Amino acid sequence: MQPEPFTLLMTVYGGDREEYVRDAFRSAVDDQTLRPDQVVLVQDGPVRPELAVVLKELVAASPVEVTFVPLEVNRGLGPALDAGLQAARHDIVARMDADDIAMPHRFELQVPLVRAGAELVGAGLLEFGRDTEDVVGRRIPPSDPTDIVRYSRLHDPFNHPTVVYRRSAVIAAGGYGDLPLMEDYWLFVRMIAAGARLVNVAEPLVYYRVGDGAYHRRGGRELLRSELRLQREMLAEGFISRRQYVRNVLVRGGYRLVPTVIRRPFYRMLVAPYGARRNAAKAAEAADAAAANAAARLPAMVITDPALTEPAGDLVASGGDPTMTVPDRPAYRPRHARPDDDVQTGYDIWPAYGAQDPTTADPREG
């Protein structure tokens with residue numbers, strides 16, 4: 001039986017640079033250990049002749065089928081992606097931005113998770129400047145489903161350039177729609193509200209290109225208007241409470257209006273570390289639970305000689321009543337027992353998939 005096929009969805013517009021589009025396309029198609037079965041390439045409005053030539057070259061040289069969707073006028077990212085979804089032949093769809101670089105094993109890791117039952121799969125990313133050797137930051141998303149839902153009421157819990165999802169689940173949620181600069185967040189909110197099965201892989205799988213204007217673009221009055229509309233929509237849908245609405249308008253709205261020199265450190269210190277902090281906390285909780293589970297499985301041990309500091313047999317204990325039964329605690333574990341004996345180390349694909357030690361991460365927003 002053949003594995004379920006998947007489609008790669010990319011959009012380009014007149015502001016994209018030729019060399020970035022070429023590198024993004026090849027990283028997500030030619031260089032992948034698991035290549036897409038179809039590429040849907042949407043041209044969102046007119047482009048420069050130089051970019052048009054590059055697009056033709058990529059379509060002609062692609063090792064997989066490319067469905068080219070030209071739009072006569074620039075509609076914006078949301079409507080362009082909706083047009084691309086209509087052209088996708090497969091239900092599994094992977095997103096790729098036209099100026100990022102996909103790591104070669106990205107789809108090999110993410111697509112099987114969707115095949116196994118997930119409906120929305122995100123991942124971590126590395127931000128880079130001049131080239132992929134110039135890594136300037138990391139964004140590690142929250143991995144536990146509970147954290148994803150909680151985080152979504154204040155921030156987008158998925159790195160949009162990294163997602164792979166079920167097209168049917170996206171269509172059922174109403175598609176991207178037209179909410180400039182917030183279309184992905186609004187889509188993910190509706191999918192979460194509809195009960196979509198969520199996975200975030202903590203491992204970075206995409207190099208995300210940033211430049212001098214990256215934080216500047218996250219502010220301004222146009223983005224503030226979209227922000228306020230998003231918050232009204234979430235309130236109207238009952239996704240957030242009135243109190244959360246007020247908080248979001250003050251925090252997120254204020255973030256859009258402060259100068260860039262303030263916005264950058266604010267995000268790095270307060271917002272970006274959330275996923276890394278929560279993943280670390282969940283990992284610690286899981287380790288504690290595993291240790292408790294291992295201890296609970298140990299039989300009670302009887303001290304037979306209170307004078308021994310290294311009792312006969314495999315017991316490690318000292319002192320006490322010679323007839324005392326020692327509680328099931330790690331301190332009285334058989335000397336040769338391993339800490340992880342009989343402990344389940346696997347996990348379901350929904351809880352904390354890909355959780356890792358984020359102590360070296362410097363996650364940042366997109």
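How many residues does the hairpin use to join strand 6 to strand 7? The answer is six. Hello everyone, and thanks for coming. Please keep in mind that we are looking at a predicted model.

Strand 6 covers residues 120-128 and strand 7 covers residues 135-139, and the two pair in the antiparallel sense over four bridges.

Now, on to the salt bridges. The count for this model comes to eleven, and I'd like to walk you through a few of them.

Let's begin with Arg166 and Asp91, whose closest N and O atoms are 3.2 Å apart. Arg166 is buried, at a relative accessible area of 15%, whereas Asp91 is partly exposed, at 24%.

Next, have a look at helix 5, which runs over residues 145-152. Here Arg150 forms a salt bridge with Asp147, and the closest N and O atoms are 2.6 Å apart. Because the two are three residues apart in this helix, about one helical turn separates them. Arg150 counts as partly exposed, at 45% relative accessibility, but Asp147 is buried, at 0%.

Arg252 and Glu227 meet through their side chains in a salt bridge of 2.8 Å, N to O. Once again the pair links distant parts of the chain, as Arg252 is in helix 9 and Glu227 is in helix 8, 25 residues apart. Buried or exposed, what would you say for Glu227? It is buried, because its relative accessible area is 0%, and the cut-off for buried is under 20%. Arg252 counts as buried too, at 4%. There is also a network here: salt bridges with shared partners join Glu4, Asp91 and Arg166.

Back to Glu227, in helix 8 (residues 221-236). Leaving out residues up to four places away in sequence, Glu227 touches Met182, Arg252, Gly253 and Arg256.

Finally, let's turn to the surface. Val246, Leu250 and Val251 form a nonpolar patch there, with about 250 Å² of accessible area together. Of these, Val246 lies in helix 9, residues 242-257, and counts as partly exposed, at 40% relative accessibility.

How values were computed:
Residues are numbered from 1 along each chain as its sequence is written. This is a predicted model: local features need pLDDT of at least 70, side-chain atom pairs count only at pLDDT 80 or more; totals for chains, interfaces and linings use all residues. Side-chain values use heavy atoms; hydrogens and water are left out. Two strands pair if DSSP finds at least two bridges between them. Contact means heavy atoms within 4.5 Å. Patches are made of residues with over 30% relative accessible area and no salt bridge: like charges are joined within 9 Å, nonpolar side chains (Val, Leu, Ile, Met, Phe, Trp, Tyr) within 5 Å. Accessible areas come from the Shrake-Rupley method with a 1.4 Å probe; for residues, only the protein chains shown count as cover. A salt bridge is a side-chain nitrogen of Lys or Arg within 4 Å of a carboxyl oxygen of Asp or Glu. Buried means under 20% relative accessible area, exposed over 50%, partly exposed in between (1.4 Å probe, protein chains only).
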